[in-house]
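I opened my notebook to look at how two chains meet. Here is what I looked up, in the order I went.

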Number of protein chains: 2
Amino acid sequence: MAAKRSDAESKGSGRKSAPPQSGQEPRSEPSLSLERIVATAVDLLDAEGVDGLKMRRLADRLGSGAMSLYWHVDNKEKVFDLALDSVLEYRALPSIVASEDWRGDIVHMLEDWRASMLRHPWSASLLPRRALGPNILIRLELLSKTLSKAGVADADLNAAIWSLWNFVIGATITRANFELSDDDKAAAQQRLTGLSQHYPTIERSRLLLDNDWDGAFRKGLDFLLDGLAPRQ
Amino acid sequence: MAAKRSDAESKGSGRKSAPPQSGQEPRSEPSLSLERIVATAVDLLDAEGVDGLKMRRLADRLGSGAMSLYWHVDNKEKVFDLALDSVLEYRALPSIVASEDWRGDIVHMLEDWRASMLRHPWSASLLPRRALGPNILIRLELLSKTLSKAGVADADLNAAIWSLWNFVIGATITRANFELSDDDKAAAQQRLTGLSQHYPTIERSRLLLDNDWDGAFRKGLDFLLDGLAPRQ
DNA sequence: CGATTGACTCGTACGCTGTACGATGCAACT
DNA sequence: AGTTGCATCGTACAGCGTACGAGTCAATCG
């Protein structure tokens, strides 16, 4: 019977109960809400990783029964979608609309993007496999507008955007997952040393150990941007 | 009691029964083997995706009971590791050792890498989250050696390798997942059209629809390689 | 030769998962 | 007072990974 919620659009809004007009509480707020569920899901994901998000555990944290969540959310998949997009919000610099420094604008947005995902290491691997939420679309729109302004030809525009997307995604996923397992890294290098006749070069350069992710990200980004629209 | 198998090293080998010396079968071959399990797992993954790989279903395909698999394999995770690495094998061009065309060698290897993963769309998203198997290490070794030969400074070598890694990973994951859902893409673009006041630029360029993945990959790769070691 | 061993397979069972279904409570409106 | 609709929860079910122990069969040993 009950028609369920299922706002469909975006993550927020939807609370319908009007604020109290007079002094006292007219209705006790429902204890659950989409916002609270999503925020708690993010916390749980941060703490336990993708595999650690279980509906029962999420409900426990919220102090509710597992099935209560399904009033606010269609299924577990949607929880991932909402948690993901909620983490990707971007407030563009106010300067950005009229900025002459298109390159700085792009670098700022992409570094913020990467930083946001690294703050929630589960998010990067989720992003390419799920629907594009509004927050990520805003970033793409900004990218498109800025590159266009920078003089990238219309014919190259989409390729340019996807190149930057690919680079950011790849860099962040890799960084997030390597970061989580220092022991494994050491073990891998150890194993490498034992097999140094097979992999002499990467063994010598200690590829698996001392990698300057942040530096490599900036460098690669510069290479890419140079190629896309050479600095004059 | 039984000490189990658990070869630990690599994917292959391990079969111990000697071939028949005389005319007739000396022992009936065990019906299961690591090779057969891994090959069947790859098939199942190709057909049903990551979520479709269940131990029981894998056993069904092999005509065995589910628990028989655990004699050959520690757990389900290991099945993923083995399937993944088995799909990343690379036979370098024989020319490559002495080749002067370092750029061609790298492009060839990276395009082959990407093509291998696209043939098994589940593999790309798995790669950055799992241990580095021997086949992927061979590719990294080749990359390192070739870039070194191309004149990349030792100090930049690791950054260069990871930049290429990031780009290939990101491009392949994105392509593999977008490729799987044409309907979703159309729906997204549809939704975009409805909201064109929010995303005018990407709506106009039809970013979500007509994207030349292969072309964008080649372009981005060229930009990156230009930046890493400019053509003389 | 019978007894033993080790490689290999499988049936059963347990705890955990996502979620369908229906019952319940409660505020607001008719 | 009765009805409606929002919100919550208990129970139940099918399916999952896999621990455990029993079973089979060839090779080996005494």
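I began with salt bridges across the interface of chain B and chain A, and the rule finds two. One of them joins the side chains of Lys219(A) and Asp156(B), at 2.6 Å from N to O. I kept in mind that this is a predicted model.

Next I looked up polar contacts between chain B and chain A, and the count is 14 residue pairs, both residues at pLDDT 80 or more.

Then I turned to area. Chain B and chain A bury about 4,500 Å² between them, with 64% of it on carbon and sulfur atoms. Glu141(B), Trp162(B) and Phe223(B) supply 14% of the area that chain B buries against chain A, more than any other three residues. I noted 49 residues from chain B and 49 residues from chain A in the contact.

How is chain B superposed on chain A? A rotation of 180° with 0.0 Å of shift along its axis does it, at RMSD 0.1 Å. That is the relation of a two-fold axis. In chain B, the C-alpha of Gly170(B) is nearest the axis, 2.0 Å from it.

Last, I checked Asp214(A), which lies in helix 11 of chain A. Asp214(A) counts as partly exposed because its relative accessibility is 43%. Its side chain makes a polar contact of 2.9 Å with that of Arg114(A).

Terms used: Residues are numbered from 1 along each chain as its sequence is written. Chains are lettered from A and ligands numbered from 1 in the order in which they are written. This is a predicted model: local features need pLDDT of at least 70, side-chain atom pairs count only at pLDDT 80 or more; totals for chains, interfaces and linings use all residues. Side-chain values use heavy atoms; hydrogens and water are left out. Copies are superposed by least squares on the C-alpha atoms of residues with pLDDT of at least 70 in both. Helices (H or I, at least four residues) and strands (E, at least two) are DSSP runs, numbered from the N terminus. Buried means under 20% relative accessible area, exposed over 50%, partly exposed in between (1.4 Å probe, protein chains only). A polar contact is a pair of N or O atoms within 3.5 Å; within protein, one must be able to donate a hydrogen and the other to accept it, and residues adjacent in sequence count only if both atoms are side-chain atoms. Contact means heavy atoms within 4.5 Å. Buried area is the accessible area (1.4 Å probe) that two parts lose on being put together, summed over both. A salt bridge is a side-chain nitrogen of Lys or Arg within 4 Å of a carboxyl oxygen of Asp or Glu.
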